[in-house]
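Visitor: Before I ask about terms and their cut-offs, please show me the sequence and the model.

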Amino acid sequence: MGETIISIQDLSKSFGDHQVLRKIDIDVKAGEVICIVGSSGSGKSTLLRCINKLERQTSGKVMYHGKEIRDAQREINEYRSRVGMVFQSFNLFNNLTVLENCMLCTRKVLHISKTEAYDRAIQHLKEVGMAPYIHAKPSQLSGGQKQRVAIARSLCMNPEVLLFDEPTSALDPEMVGEVLKVMKELATTGLTMIIVTHEMAFARDVSTRTIFMDQGYVAEDDAPANLFTNPKNPRTREFLKRYLAG
Amino acid sequence: MGILLTSTTTPSGSLGWMFFLAQKYSKMFLQGTWITLYIAVIGTIIGFVLGYVIGLIQDARIGAGDSILKRCFLRFVKIIATIYVEIFRDTPMIVQAMIIYYGLKTAGINLSANAAGILCTVLNTGAYMAETVRGGIGSIEMGQREGAWAMGMSPFKTMLYVVLPQAFKNIIPEMANTFLTNLKMTSVLNVIAVQELFMAAKTVGGNYYKYFESYLVIAVIYFVLCFAFNRIFILLEKRMKGKDDYALAVEFMEDKQ
């Protein structure tokens, strides 16, 4: 594993009186594929949104290459352009075609040339098998197709880290397969990924490290081989039993 | 009654009088139609721009990382915008017209009646459009913004390239509505002596004491104008919808799929 890219230090988040994240400490190293699992409401998604600064933490820090990301909009924009995010609800731009979706941010944020943006878009759309659909609008695609486009769109920014917020939770089982396949291929390229997921088999097979979250805490943080066979925390054991027993 | 006696044929019945007045004063009615259209179109277009600006100001959020100067400025502008919208939504346009025209006169600014009429229409439209724009922006789900933000796009660019184009499409029917309302509301501008359609009818009607027939003439004109514009807007909206299908990019077809 390489150097530490993102370091989350003592991070807490509350919505009013409700504390969602409690003193989270996680270091993310280059090349790691981290899966975050846990029951709904355990704070997984909020953690991911805090990493991307879509939520503002109540206390603690998010460090990127040893530098704290502060609240200044400019600093946040710069940081986000290097840390991509894929959402549960895809969030493709409804007013633009697949191709335009993949070119907008490279053009307007990275300011690369039109031809380069086009080449990048086609390259990544080919990787996810969506190149033939460049002229389609998001509303004309299936959920699985949308998510694959969303992944390609994020890849166009050449991110250092890619965050996935339950990327398959809104999809039917068949579509889950096609998206997980794309993510598996991505994992082999050495891209650093943090994935919040309910797909236990995927987490076990693909992640280099699995984090189990419970009630806002990191309950367990271990290699999947250990976490899925011999969990130390009783809550982890209980949670995984429910998922793996059947 | 002297005029009546000099005309060769005396019109009979209301319909007859309508045609007679429309013919005899066609120049006046045309002039009125032109000014009505002119004020409604110019006033609405500038009003829309104003509405978008005010709507965006009202929607703008103060970020946690903003400097104290930016925060104060934004808060100040937001308060001004709110006061403006409230005042113009909570008073009748006819009163606004009087106050703008005579108020400016008192302040030593001499605006022509037409200019004051346009200004009144602009300010009125702006206030209503601001609310429409705010609603239009609100109708676009948060995920659209987050998708852009998550790739490092600034809130301003996100608004420009992602949110506004979608919001615009959603509020086209409301914009058409506003324009039609304006077309009819210009009639109140006769109180500051704008020579629009209503004023024309009032003048013409007064000449023969045939108010009913005279107003019938402009009722028809208003109706035809609004009807025509309405059809145009419906057509425009259909155009904006775009194609229902898309062409597969066959050149990429043999790739893994």
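Guide: The questions that follow set values for helices, strands and pockets against their definitions.

Guide: This is a predicted model, in which local features need pLDDT of at least 70 and side-chain atom pairs count only at pLDDT 80 or more, while totals for chains, interfaces and linings use all residues. Residues are numbered from 1 along each chain as its sequence is written, chains are lettered from A and ligands numbered from 1 in the order in which they are written, and side-chain values use heavy atoms, with hydrogens and water left out.

Visitor: Why is α3(B) called roughly antiparallel to α9(B)?

Guide: Helix α3 (residues 26-59) of chain B and helix α9 (residues 197-208) of chain B pack at about 155 degrees, with axes 7 Å apart. Angles over 145 degrees count as roughly antiparallel (under 35 as roughly parallel, 65 to 115 as roughly perpendicular, the rest as oblique), so the term applies to α3(B) and α9(B). The axes are lines fitted to C-alpha atoms over the stretch in contact, and angles run from 0 to 180 degrees between N-to-C directions. Helices here are DSSP runs of H or I with at least four residues, and strands are runs of E with at least two, numbered from the N terminus.

Visitor: Which residues of α3(B) and α9(B) meet?

Guide: On the α3(B) side are B:M28, B:F29, B:G32, B:T33 and B:T36, and on the α9(B) side B:L197, B:A200, B:A201, B:T203 and B:V204. Contact means heavy atoms within 4.5 Å. These residues divide into 6 nonpolar, 4 polar and no charged. Ala, Val, Leu, Ile, Met, Phe, Trp, Tyr, Cys and Pro count as nonpolar, Asp, Glu, Lys and Arg as charged, and the others, Gly among them, as polar.

Visitor: What makes β9(A) and β10(A) a pair?

Guide: Strand β9 (residues 209-214) and strand β10 (residues 217-222) of chain A run antiparallel and are joined by 5 bridges. Two strands pair if DSSP finds at least two bridges between them, so β9(A) and β10(A) qualify. A:F212 has A:E220 as its bridge partner in β10(A). Their hairpin has 2 residues between the strands, and A:Q215 takes a positive phi near 50 degrees there.

Visitor: Why are β6 and β10 of chain A called edge strands?

Guide: The open sheet has 6 strands in the order β6-β7-β8-β3-β9-β10 (chain A), with mixed pairing. β6 (83-86) and β10 of chain A each pair on one side only. Within this sheet, β3 (residues 33-37) and β8 (residues 192-196) of chain A are parallel over 4 bridges, and A:I34 stands opposite A:I194 in β8(A). From one strand to the next, the twist averages 20 degrees.

Visitor: What makes the largest pocket a pocket, and how much space lies in it?

Guide: A pocket is an open set of points on a 1 Å grid over the protein atoms alone, where a 1.4 Å probe fits, with protein on both sides within 12 Å along at least five of seven lines. About 1,100 Å³ of space lies in the largest pocket, the volume being the space filled by probe spheres set on points joined across faces, edges and corners. Its lining has 32 residues, with A:Q73, B:R61, B:G63, B:W149 and B:P155 nearest the centre; lining residues have an atom within 4 Å of a point. α8(B) gives the most to this lining, with 5 residues. The lining divides into 14 nonpolar, 5 polar and 13 charged.
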